[in-house]
Amino acid sequence: MMLLLISRASAFTRPNTTSQLITRHHSSKLFASTVTTISFDPSIDVREKATSTLVIGRHSTLKSLIEQQDSYVSLFGFRPHPDILSSMHESISGNQATTSHVIVPTVGPAIPRPPHRLTLCSLQNKVTRHNHPLSLHSMTDLVKSSVKGKGPVRIMVCVEDEYPLGPIAGAIGRAFPLFNKKTKSKKTESDAGEDGDNDDEEERMIHVTFLDSKGRVVKNQLEIDAAREAAEGVRLACRLVDTHPEELTTTAFAQECHDLFDNDDTVTIEEIKGEELKEKGYGGIYNVGKGATHPPRLLILTYDPPKDVLTEEGEEQSAITLVGKGIVYDTGGLAIKSRVGMCGMKHDMGGAAGVLGGFTAAVRLRTPRKIRLMLCLAENAIGPKSVRNDDIITQYSGKTVEINNSDAEGRLVLSDAVAHATKHFDDSDLVVDMATLTGAQLVSTGKMHAAILSNKEELEHTAVKAGLASGDLCYPLLYAPELLKKEFNSKVADMKNSVKDRSNAQCSCAGHFIESHIDSNYTERDGGWLHVDMAGPGTKAERGTGYGVGLVLSLVEAPGFSSRS
């Protein structure tokens, strides 16, 4: 049985700080700064103070709940008439995500309260094989559109026993974005956008409790911790993607990383920036970012797990390296984008945001394996120093690249990082790069599924399974480098950076460009490489989705995220 109960409350007992998540976006008094608190403490009971309840689940699950009339008071704090719930349930379908709501009197043993807003949200009873079994995208949409007005919100989630809490928590956290620069003003429910986005509210408390299939509160701390960190990682990634480029410069992005980990002894940060990139041979990152006001940067974050979280045998699992494309703004460079095409390019650092959110959550959960994070930060700006079409640059791999499209910059920065990782990290047997790389990805795998490319078939299968488990869906692309590498042929360099024929598996070609810079010794020792192009699923309705956080947590096998205890 899968059931999600969301109750709005007027006041809360302060939760235990170990199970509380507070994320703030600070802005001037002119703006409606969003202060949102999400708590996953299972001991808090605010049922009696709730003023509205949202019940969301599969249609069949909702029917089972309605039939359990003896549990009404324990669930709602009052006894709604069974006929009301039955009528609401009959009015919605199990074949699609639909809602029904009504104002009901609070009759029962509870302290008298004002009339209660009760909403039933029905998820599909069945989904196809390439969707998360609980249809987490629909869950996010229903939560966002059905929670109305300001103030605290209580969420009670009853999950089927085989499904982990972390992905569900991420879906809930995604419904409440943080970044906001709207000026303060009064707003009614009818003013909410078509996606139900009430994101200019000044303050909100979200309380989440998970119930097992028998209706008992889940108190397993490992699972609750994973839920909390997954939600925080998703909301961190969303905030970064939503932040405009005047504020989120390469300098500011780097500072975010230092703020996250400067007080964590398990994480070290190395930073290579500006002219130092040129001197050390990172021609991709340097040339893409050299025309901007803020210098390009390569950040290398290394998490070494503390000894007390290692396996009983005292052996660490093999290290994983995560690489993120962090183009904080993409004008297209001298191959400038159109007015319409350029709007929204603040989202071009979505890959870096996703792997940073996943890395942060994995560190907080004390994952028992070494994890490295490489962030390629640059602004593809227009200026006197901007790289030109026809320029030839030398990448960290030593290969030369003729620029025939300065708007195909993501592959240049990622290639430097992938070359570095495969050349210097002998303890790593998996390199994962994530990027909003190509518009062709949307044509290949759509807006919900990232496109993946890998040098190993079994790694493709692992990634697809991780996507289905986490809700960060993905699907494999054509893998045929020997057939596609001719698209990059150059008369004067080792390769060009953009394809000759855009109708010839363009999304696969972009991934193969990155692959061509993998160090040969890494290939010889059978190292794995996974490319994730998430241009489509990285945003929805002009908001970041936090895509990548859950996929990373699944791939690194973060404790409590991918399994139930």
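Two strands pair if DSSP finds at least two bridges between them, and with that idea in hand the sheets of this predicted model can be followed strand by strand. Eight strands form an open sheet of mixed pairing, in the order β9-β10-β12-β11-β15-β19-β16-β17. The protein as a whole has 18 helices and 21 strands, and buried residues make up 60% of its 565 residues. Among the contacts with a separation of 6 or more, 78% are between residues 24 or more positions apart.

- Helix α12, made of residues 410-424, lies across β10, β11 (317-330), β12 (369-380) and β15, and it runs at about 160° to β11.

**Strand β19 and its two partners**

- Strand β19 spans residues 528-533, and six of its six residues are buried.
- In a regular strand the side chains alternate between the two faces of the sheet.

**Leu-298 in strand β10**

- Leu-298 is found in strand β10, which covers residues 297-303.
- Is Leu-298 buried or exposed? Leu-298 has a relative accessibility of 0%, and because buried means under 20%, this residue counts as buried.
- When neighbours within four places in sequence are left aside, Leu-298 is in contact with Glu-270, Glu-271, Ile-272, Leu-277, Tyr-282, Ile-285, Met-374, Leu-375, Cys-376 and Ala-417.
- Gly-274 is 24 residues away from Leu-298 in sequence, and the two are 9.3 Å apart in space when taken from C-alpha to C-alpha.

**Other strand pairings**

- Three strands form an open sheet in the order β13-β14-β18, in which the pairing is mixed.
- The edge strands here are β13 (392-394) and β18 (495-496), each pairing on one side only.
- Strand β14, residues 400-402, pairs with β13 in the antiparallel sense over three bridges, and Thr-394 stands opposite Thr-400 in β14.
- Elsewhere in the chain, strand β5 (residues 98-104) and β6 run antiparallel and are joined by seven bridges, with Val-104 standing opposite His-116 in β6.
- Strand β6 itself, residues 116-123, is mostly covered, for seven of its eight residues are buried.

**Two helices packed together**

- Two packed helices are described by the angle between their axes and the distance between the axes.
- Helix α6 (residues 221-242) and helix α11 (residues 350-364) pack at an angle of about 155°, and their axes are 8 Å apart.
- Why is α6 described as roughly antiparallel to α11? Angles over 145 degrees count as roughly antiparallel, so the angle of about 155° places α6 and α11 in that class.
- The crossing in which α6 passes α11 is right-handed.
- On the α6 side, the contact is made by Glu-229, Gly-233, Leu-236, Ala-237, Leu-240 and Val-241, whereas α11 contributes Gly-350, Ala-353, Gly-354, Leu-356, Gly-357, Thr-360, Ala-361 and Arg-364.
- Sorted by class, the residues in the contact of α6 with α11 are seven nonpolar, five polar and two charged.

Note on methods: Residues are numbered from 1 along each chain as its sequence is written. This is a predicted model: local features need pLDDT of at least 70, side-chain atom pairs count only at pLDDT 80 or more; totals for chains, interfaces and linings use all residues. Side-chain values use heavy atoms; hydrogens and water are left out. Axes are lines fitted to C-alpha atoms, for helices over the stretch in contact, and angles run from 0 to 180 degrees between N-to-C directions. Helices (H or I, at least four residues) and strands (E, at least two) are DSSP runs, numbered from the N terminus. Angles under 35 degrees count as roughly parallel, over 145 as roughly antiparallel, 65 to 115 as roughly perpendicular and the rest as oblique. A crossing is left-handed if the near helix is turned anticlockwise from the far one by less than a right angle, and right-handed if clockwise. Contact means heavy atoms within 4.5 Å. Ala, Val, Leu, Ile, Met, Phe, Trp, Tyr, Cys and Pro count as nonpolar, Asp, Glu, Lys and Arg as charged, and the others, Gly among them, as polar. Buried means under 20% relative accessible area, exposed over 50%, partly exposed in between (1.4 Å probe, protein chains only).
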